[in-house]
Amino acid sequence: MTNTSSQPLAFDDIALATEAKQGDKGAFTELVNRYAQRVFRVARHITKNDQDAEDVLQDTFLKAYSRLGQFEGNAKFYTWIVRVAVNEALMRMRRGKNRVTVSLDQELETSDGAIQRELPAETESPEESLSRTELRESLTQAIDSLSETYRPVFVLRDVEGLSTEETAEMLNLSLPAVKSRLLRARLQLRQKLRRFLKKDDRQEENHV
């Protein structure tokens, strides 16, 4: 099931969620396919661990499936699903326990059966892929190095593009606290990325 109309994606999400509530597994599968990568990215940035992020991804969609009745369509589905993911990621960090790794290619097991998860394939040249990978790795390292106080705020506000109000609600923070932590995170990240870029430049010079 795909979005073939000219309606906004958020509206289409609400329609899909409504169909999923009525028992349409294909509608929920489409929502999983749309947001699995982004949910994984949020979880990975918060937990700083691929295995934990995969577990959070699995738990997030299982919990979302069981709680579809609570989604009333007053907010974007992505905002709703990310709130679930953030809570799962923060709880996992507090527990500090590892669970069985779930492959991103593995089906989601629900009480109504399995739901296939498909991630869109990337189409780019090897050179573009390498450059993108190097940049992503540097950015990931820089974000990972942020403290737990600042990292979730930065990820939700700047990486995922949620509003200050949404970020505050998800993290149970005041608006001033979000703005203060975001500013500090941006300043720290700018300094960290500058060091990473300088280090890369020195490495390139040494190989010339």
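Let's start with Glu88 and what it touches: setting aside neighbours within four places in sequence, Glu88 is in contact with Val56, Asp59, Thr60 and Lys63, where contact means heavy atoms within 4.5 Å. Glu88 sits in helix H4; helices here are DSSP runs of H or I with at least four residues, strands are runs of E with at least two, and both are numbered from the N terminus. Is Glu88 buried or exposed? With a relative accessible area of 6%, Glu88 is buried. For that word, the cut-offs are under 20% relative accessible area for buried, over 50% for exposed, and partly exposed in between, with a 1.4 Å probe and protein chains only.

A word on what you are looking at. This is a predicted model, in which local features need pLDDT of at least 70 and side-chain atom pairs count only at pLDDT 80 or more, while totals for chains, interfaces and linings use all residues. Residues are numbered from 1 along each chain as its sequence is written, and side-chain values use heavy atoms, leaving out hydrogens and water.

Now the overall layout. The protein has eight helices and two strands, and along the sequence they follow the pattern α-α-α-α-β-β-α-α-α-α. Of the 208 residues, 38% are buried. If we take contacts between residues at least 6 apart in sequence, 66% of them join residues at least 24 apart.

Let's go inside. The largest nonpolar core has 46 residues, and those with the most contacts inside it are Phe28, Phe61, Phe77, Ile81, Val82, Val86 and Leu156. A core here is a set of buried Ala, Val, Leu, Ile, Met, Phe, Trp, Tyr and Cys residues joined through side-chain atoms within 4.5 Å. Which helix gives the most to this core? That is H2, with 11 residues.

Phe77 also takes us to the aromatic rings. A search of the whole structure finds seven aromatic pairs. In one of them, the ring centres of Phe77 and Trp80 are 5.6 Å apart and the planes are at 45°, so this pair is tilted. The rule is that rings of Phe, Tyr and Trp (its six-membered ring) pair if their centres lie within 6.5 Å; planes under 30 degrees apart count as stacked, over 60 as edge-to-face, and the rest as tilted. Phe77 and Trp80 are both in helix H4 (residues 77–95), three residues apart, about one turn of the helix. Both Phe77 and Trp80 are buried. Ring pairs also link Tyr35, Phe71, Phe77, Tyr78 and Trp80 into a cluster. Over the ring of Tyr78 sits the charged end of Arg38, 3.8 Å from the ring centre; the test asks for NZ of Lys or CZ of Arg within 6 Å of the centre and within 35 degrees of the ring normal.

Not counting residues up to four places away in sequence, Ala17 touches Leu31, Phe71 and Phe77. Ala17 is buried, with a relative accessible area of 0%. By comparison, Arg194 in helix H8 is partly exposed, at 42%.

Finally, confidence, given as pLDDT, the predictor's confidence in each residue from 0 to 100. The mean for the protein is 77, and 68% of residues reach 70 or more. Over residues 97–106, pLDDT stays under 50, and the model has 26 contacts beyond four places in sequence for them. Residues 115–122 are also below 50, with 27 contacts beyond near neighbours in sequence.
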